[in-house]
Amino acid sequence: PIVVGSTGGTKQSKLMAEAHNHMPQGVAENYRYWGDEATVFVSKSKGCVLTDVDGKEFTDFRLGYGPIILGYCDERVDRAVCDEITNRGVISGFSTALDAEVIKQVKRLCPQIEKMRFANSGTEAVMGAVRTARGFTGRTKVAIVEGGFHGLQDEVMWKANLEGWNMRSDTTPEVIPFGAGQRPNTAVCCNPTGLTLLSLNNFQMLDEYFHQYGHLTAAVMIEPIIGNAGSIAATKEWLQHLRDLCTKHGTMLIFDEVKCGFRVAKGGAQELYGIYADLTTYAKAMGNGYPVACFGGRKDVMDVIGSFKGGVVHGGTFTANMIAISAAHATLDILESTDALATCDRVGTDIMAVLGRVFDAHNVQHTFSGPPAMFGIHFAKDVPQNYRDWRKEEYELYGKFAWNLIKYGVMLEPDSREPWFICEAHQTMDLQWLEDVAMRSMTEACAA
Ligand code: PMP
């Protein structure tokens, strides 16, 4: 789709043409490419507002794939980072006193964490957690859930192929790699060492899987609220059943809280459910946009990591660098000691009310899913129970609505699988403006 009047301006066109000479598809990473005319080049981000290179402003609910929890350019965090790196340096390859301080903060907020290690991205945190689970259990097989996303390492980049899948049948969708070049033998289901995809909230599938493969399975890894499938959430009963099966079979339960951690509640999804994983990954909101991540959990499990014989390897030049550590320290301090997350919840609830009025006014059947700081919109009667259900809803109308919003200065991912992310800085936005713009966007989408 072409977004006339938002991007596609003079400077954007020039930069896009130039960028094609230097980067595949003209972008620094795949997910930024929205087509030659719609790819956004940002010149500034502040609070909840992005400004593109042609001077157009957007109120942003995409928030850089979700790490912004306070706001862009938050002075409290930026000042702490600048102070640390200009006065004490970025990196030495040695420990600092601040490492354990940040872990103590995480442990106060997330009581299931007993020991922790740092990483540079969600991808790396997942890699560390899965390797640790294998090291602890001595098993190989891993299961994940359809619609989830766990970063960019080969072995977890497999998905349910819903293209052409007969949604009215009870068949299982084909499992396919995200793209070319992946090591092929990391999947698939029936392989005792391969990856299996389960369907969220499906008791029978879970029981059958554990019956057959439980004793071979190192870990089941899941986003309890799938931040990569419209914030579809596990039911408490299903999640508890998964917890019980993992305990019974000696399988590590990994919650990938890269998106929901330090966002949906101070203690993440585990606080909301009261169900706790053996290992957890955190990233995004942990540093308000600075690149910091971690994985941790049970002490006996984490203690398999180390440079002793038979230990699980974990390391990296940039691990726990002081940009990451000081950003996490400042961000977690704010999240712990202020009402920032309560503000996000309140604003998210208000925004859902605004959007609900807009959909009602157009007789568009809809439901919301997930917590207010990371909510999904579904043009369907009921909240989908899993990714296969998501396929059945009206996501084409959502796409049209979203592209119109972008045209009128509301930034979001035009794909309904990506939730609306709320940050503390959204509290200053004009809800009446949003309602007007959303009305216009929906009227045009329905007419198109
Ligand atoms: N896990 C989840 C749940 C994610 O949403 C993402 C990224 N969107 C990742 C892992 C990978 O994180 P990163 O992009 O920081 O590598």
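Two strands count as a pair if DSSP finds at least two bridges between them. Keep that in mind, everyone, as we'll need it in a moment. What we have here is a predicted model.

Let's begin with the pair that calls for that rule. β3 and strand β17, residues 410–411, are joined by two bridges and run parallel. Across that pairing, aspartate 60 faces methionine 411 in β17.

Now, β3 has another neighbour. Strand β2, residues 49–52, pairs with strand β3, residues 57–60, in the antiparallel sense, over three bridges. Here leucine 50 is opposite phenylalanine 58 in β3. Together β2 and β3 make a hairpin, with four residues between them. If you look at the turn, you'll find glycine 55, whose phi is positive, about 90°.

Which order do the strands of the open sheet follow? The answer is β15-β16-β18, three strands with antiparallel pairing.

Next, the ligand. The shell around the ligand has 15 residues, and those coming nearest are Ser121, Gly122, Thr123, Gly151 and Val258. Which helix gives the largest share of that shell? That would be helix α4, residues 122–137, with three residues. Sorted by class, the shell holds seven polar, five nonpolar and three charged residues.

Let's step back to the whole chain. In secondary structure, we have 13 helices and 18 strands. The domain assignment gives domain 1 as 1–60 and domain 2 as 75–337, and the centres of domain 1 and domain 2, taken over C-alpha atoms, are 31 Å apart.

How does the radius of gyration fit a compact globule? A compact globule of 448 residues would come out near 22 Å, and the chain has 22 Å, so the two agree. Along the principal axes, the C-alpha atoms fill a box of roughly 60 × 60 × 45 Å. Of the 448 residues in the chain, 46% are buried. And finally, take the contacts between residues at least 6 apart in sequence: 73% of those join residues at least 24 apart.

Note on methods: Residues numbered from 1 in each chain as written. Predicted model: local features only at pLDDT ≥ 70, side-chain atom pairs only at ≥ 80, totals over all residues. Near = placed C-beta within 6 Å. Nonpolar A, V, L, I, M, F, W, Y, C, P; charged D, E, K, R; others polar. Domains from an automatic or database assignment. Rg over C-alpha atoms; globule rule 2.2 N^0.38 Å. Buried ≥ 20, exposed ≤ 12 C-beta atoms within 10 Å, placed from the backbone. Contact = placed C-beta atoms within 7 Å.
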